[in-house]
Amino acid sequence: MTSPPPHKPCAVCGRAITWRRKWARDWEQVRYCSEACRGKRTQARDSSWEARILEVLSQRAGGATVCPSEVARASGGEDWRACMEPVREAARRLVARGVLDIVQGGRVVEPSTARGPIRLRLRA
């Protein structure tokens, strides 16, 4: 019996997609972790959040971190709290591409399982 393939990130939210036996034939085509993500799809505005995260981090010293709320406040205006989940999703996609690290308490954490306050840091 062979071991299942490694996890891969969801194209929308960046969370890890865990292999399931029913996907054995078409694992390469699986892109979304849930029906909600499949319906949402990645849109042009999602990549703008990624650009904003990188812009805010580029204004910091090397190795510095930024809170997702700082990115949301910088571009979300009065309703910045509604922007928090799109910012976190963009951060998880950047982690999947190897650009960012998500940090808690100074340690890099798994984006799919991180709970509570996180910080974003450019990968060295």
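**Salt bridges, sheet and nonpolar cores of the predicted model**

Glutamate 70 is partly exposed, its relative accessible area being 26%, where buried denotes under 20% relative accessible area, exposed over 50% and partly exposed the range in between (1.4 Å probe, protein chains only). Residues are numbered from 1 along each chain as its sequence is written, and side-chain values use heavy atoms, with hydrogens and water left out.

Seven salt bridges are present in the structure, each defined as a side-chain nitrogen of Lys or Arg within 4 Å of a carboxyl oxygen of Asp or Glu. In one of them, the side chains of glutamate 70 and arginine 60 meet at 2.4 Å, N to O; glutamate 70 belongs to helix α3 and arginine 60 to the loop between α2 and β3, ten residues apart. Helices (H or I, at least four residues) and strands (E, at least two) are DSSP runs, numbered from the N terminus. A network of salt bridges links Glu50, Arg93 and Arg97. Within it, the side chains of glutamate 50 and arginine 93 form a salt bridge of 2.6 Å, N to O; because glutamate 50 lies in helix α2 and arginine 93 in helix α4, this pair ties together parts that are 43 residues apart in sequence. Glutamate 50 and arginine 93 are both buried, whereas arginine 97, at 53% relative accessibility, counts as exposed.

Four strands form an open antiparallel sheet in the order β3-β6-β4-β5, strands being taken as paired if DSSP finds at least two bridges between them. β3 (65-66) and β5 (107-108) stand at the edges with a single partner strand each, so one side of each lacks a neighbour in the sheet. Helix α4 packs on the sheet and touches β4 and β6, contact meaning heavy atoms within 4.5 Å.

The largest nonpolar core comprises 20 residues, of which Ile53, Val71, Leu100 and Leu120 touch the most other members; such a core is a set of buried Ala, Val, Leu, Ile, Met, Phe, Trp, Tyr and Cys residues joined through side-chain atoms within 4.5 Å. At least two residues of this core are supplied by each of α2 (44-58), α3 (68-76), α4 (84-96) and β4 (100-104), and the largest share, six residues, comes from α4. Apart from this core lies another, of ten residues, including Val12, Cys13, Ile17 and Val30.

Notes. This is a predicted model: local features need pLDDT of at least 70, side-chain atom pairs count only at pLDDT 80 or more; totals for chains, interfaces and linings use all residues. Axes are lines fitted to C-alpha atoms, for helices over the stretch in contact, and angles run from 0 to 180 degrees between N-to-C directions.
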